[in-house]
Amino acid sequence: MPADQTIAVHLIQKVANQDRDAFSQLYDRFSSLVFTLAMRMLKVRSDAEDLLQEVFVQIWRQAQSYSVQRGSPEAWIVNIARSRAIDKIRSIRRMERSFVLTDDPARAESSDNVESSAAESEARMAMNSALANLPETQRKVLELAYFDGLTQTEIANRLAEPLGTIKTRMRSGIQRLRDMLGAQAV
Amino acid sequence: MATGHEHWHERGEIYALGALDGQELKEFEAHLASGCAICEAYVRETREALLLLHRSITPMTPSPSIKTRLFDHIPSDKVAPLRPKSAWRRWPIITGTLAAGIVGAILSGTLITQRYEPRHSMYSAIIELLRDPSTRDLPLYGAGPTPKATGRFLWNESGEGHIFVTNLPAAPEGKMYAVWTIAQRSAPRYVGTIKTDAAGQGGLHINVARSDQPVETFAVTLEPVGMTAGPTGPMVLVSKPT
């Protein structure tokens with residue numbers, strides 16, 4: 001296990017014993033990671049800040065449930081953040097469908113903004129990043145799922161492609177990521 | 001890797017991505033719940049690989065005030081360490097007796113303070129809200145399972161507000177009434193849980209951080225206890241007629 005991962009595991013174990021100093025250090029290590037992900041997924045700063053706070057409150061309360069067998073600290077924390085962000089994204093969609101000014105052009109624009117935001121993030125990517133090394137079709141489906149919380153069926157509908165095609169692209173993209181991760185580990 | 005699992009691995013990858021849905025999701029969750037260690041490990045490995053995705057984004061730093069706010073929310077649950085036993089161990093008995101006497105003397109005053117002071121503070125806060133010309137006063141309309149419920153929402157963009165409800169029956173066992181503010185282009189924001197009495201009346205004072213966008217809709221939904229990430233249940237009150 002890499003040294004920084006060992007330190008993070010140790011901090012989580014101390015947080016499980018309600019150690020506020022360890023919690024502060026854990027926050028300093030991972031808050032930028034969670035906030036960056038939250039901004040990419042929710043797109044509104046105040047929502048991302050709320051999510052950041054909620055994620056760390058959950059970490060404080062559930063640190064004792066973490067074990068190395070559940071994955072790296074980073075994967076565990078990111079999984080908490082993504083789950084909560086996806087809940088929020090999906091609740092926005094439910095609200096839009098049910099009662100929130102569905103004919104409001106500003107909101108309609110925001111829900112259509114997904115691809116333009118993806119394009120912005122693409123522009124910010126470092127040239128050697130994992131996303132930049134994926135073919136366009138694979139990157140797009142992974143981004144729509146990972147950052148925008150769309151399910152395979154929703155992506156198929158949005159891109160007007162057969163579900164089987166979407167699944168294949170997702171799996172190919174994930175396989176490439178696995179290969180990249182393997183290459184990094186060597 | 002064991003054979004016969006390719007079928008599950010296909011689903012496991014999409015599950016780890018969070019994109020599996022419908023019947024496939026139910027089947028895969030049931031498969032995981034059956035205790036398949038191979039698939040559990042495969043999902044875990046896939047999640048590690050997916051970490052490469054967010055590492056591709058330019059990192060952003062949150063405002064330092066978030067950490068301060070977070071630590072304000074974290075209770076100091078640590079139990080004070082026990083003092084070591086010593087020759088002074090009788091002192092607690094003596095001081096305890098004295099303390100009991102003092103407590104007895106001030107008990108009634110304390111009870112009065114505990115009972116009435118919070119209420120007085122809340123009334124003062126509501127008056128201050130009403131005094132502020134920028135505070136909005138919005139009617140709430142019954143919806144879904146509680147069409148007869150009504151309410152009012154006082155809201156100031158500073159993040160302070162108060163909700164009053166009437167004719168809202170107590171939440172069933174295992175459920176709660178979650179209060180949400182919804183700003184344009186934002187996710188519904190959980191701002192508290194409101195309880196109602198036998199007469200269906202209740203109130204909640206709200207004090208949260210200011211939102212970037214002005215709140216345009218206020219709502220109360222019936223949620224499973226603890227669900228604060230986003231509304232999932234039926235809406236029982238809303239600030240605009242549906």
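Because the model is predicted, local features need pLDDT of at least 70 and side-chain atom pairs count only at pLDDT 80 or more, while totals for chains, interfaces and linings use all residues. Residues are numbered from 1 along each chain as its sequence is written, chains are lettered from A and ligands numbered from 1 in the order in which they are written, and side-chain values use heavy atoms, with hydrogens and water left out.

Let us begin with chain A. You will find nine helices there and zero strands, where helices (H or I, at least four residues) and strands (E, at least two) are DSSP runs numbered from the N terminus. Followed along the sequence, the pattern of chain A reads α-α-α-α-α-α-α-α-α. Chain A has 186 residues, and 55% of them count as buried; buried means under 20% relative accessible area, exposed means over 50%, and partly exposed is in between (1.4 Å probe, protein chains only). Among contacts in chain A with a separation of 6 or more, 60% come from residues 24 or more positions apart, a contact being heavy atoms within 4.5 Å. The chain exposes about 8200 Å², of which carbon and sulfur atoms supply 49%; these areas come from the Shrake-Rupley method with a 1.4 Å probe, and for residues only the protein chains shown count as cover.

Now for the charged pairs. Side chains of opposite charge can pair when their charged atoms come close. A salt bridge here is a side-chain nitrogen of Lys or Arg within 4 Å of a carboxyl oxygen of Asp or Glu, and the count over all chains comes to 22. One of them joins A:Arg139 to A:Glu143, with 3.8 Å from N to O. Both residues belong to helix 7 (residues 136-146) of chain A, where they sit four residues apart, about one turn of the helix. A:Arg139 is buried, at 8% relative accessible area, and A:Glu143 is buried too, at 3%.

Other salt bridges cross from one chain to the other. A:Lys167 meets B:Glu24 at 2.6 Å, N to O. Since A:Lys167 lies in helix 9 (residues 163-185) of chain A and B:Glu24 in helix 2 (residues 22-33) of chain B, this pair joins two chains. A:Lys167 is partly exposed at 22% relative accessible area, whereas B:Glu24 counts as buried at 18%. Helix 9 of chain A also carries A:Arg171, whose side chain forms a salt bridge with that of B:Glu10 (3.7 Å, N to O). B:Glu10 is in helix 1 (residues 6-17) of chain B, so this pair too joins two chains. Both partners are partly exposed: A:Arg171 has a relative accessible area of 26% and B:Glu10 one of 40%. Elsewhere, salt bridges with shared partners link A:Arg40, A:Lys43, A:Glu136, A:Arg139, A:Glu143 and A:Asp148 into one network.

Chain B brings strands into the picture. Two strands pair if DSSP finds at least two bridges between them. Strand 1 (residues 136-142) and strand 2 (residues 150-156) of chain B run antiparallel and share six bridges; B:Asp137 has B:Leu154 of strand 2 as its bridge partner. Strand 1 also pairs with strand 8 (residues 235-238) of chain B, again antiparallel, through two bridges. Here B:Gly142 is partnered by B:Leu237 of strand 8.

Finally, look at the nonpolar interior. In soluble globular proteins, nonpolar side chains tend to be buried together. A nonpolar core is a set of buried Ala, Val, Leu, Ile, Met, Phe, Trp, Tyr and Cys residues joined through side-chain atoms within 4.5 Å. The largest one has 77 residues, and the members that touch the most others are A:Phe23, A:Phe56, A:Ile59, A:Ile155, A:Met170, A:Leu177 and B:Leu17. Helix 2 (residues 20-42) of chain A gives the most to this core, with 13 residues. Leaving aside residues up to four places away in sequence, A:Ile59 touches A:Val15, A:Phe23, A:Leu26, A:Trp76, A:Ile77 and A:Ile80. A second, separate core has 20 residues, including B:Ala149, B:Phe153, B:Ile163 and B:Phe218.
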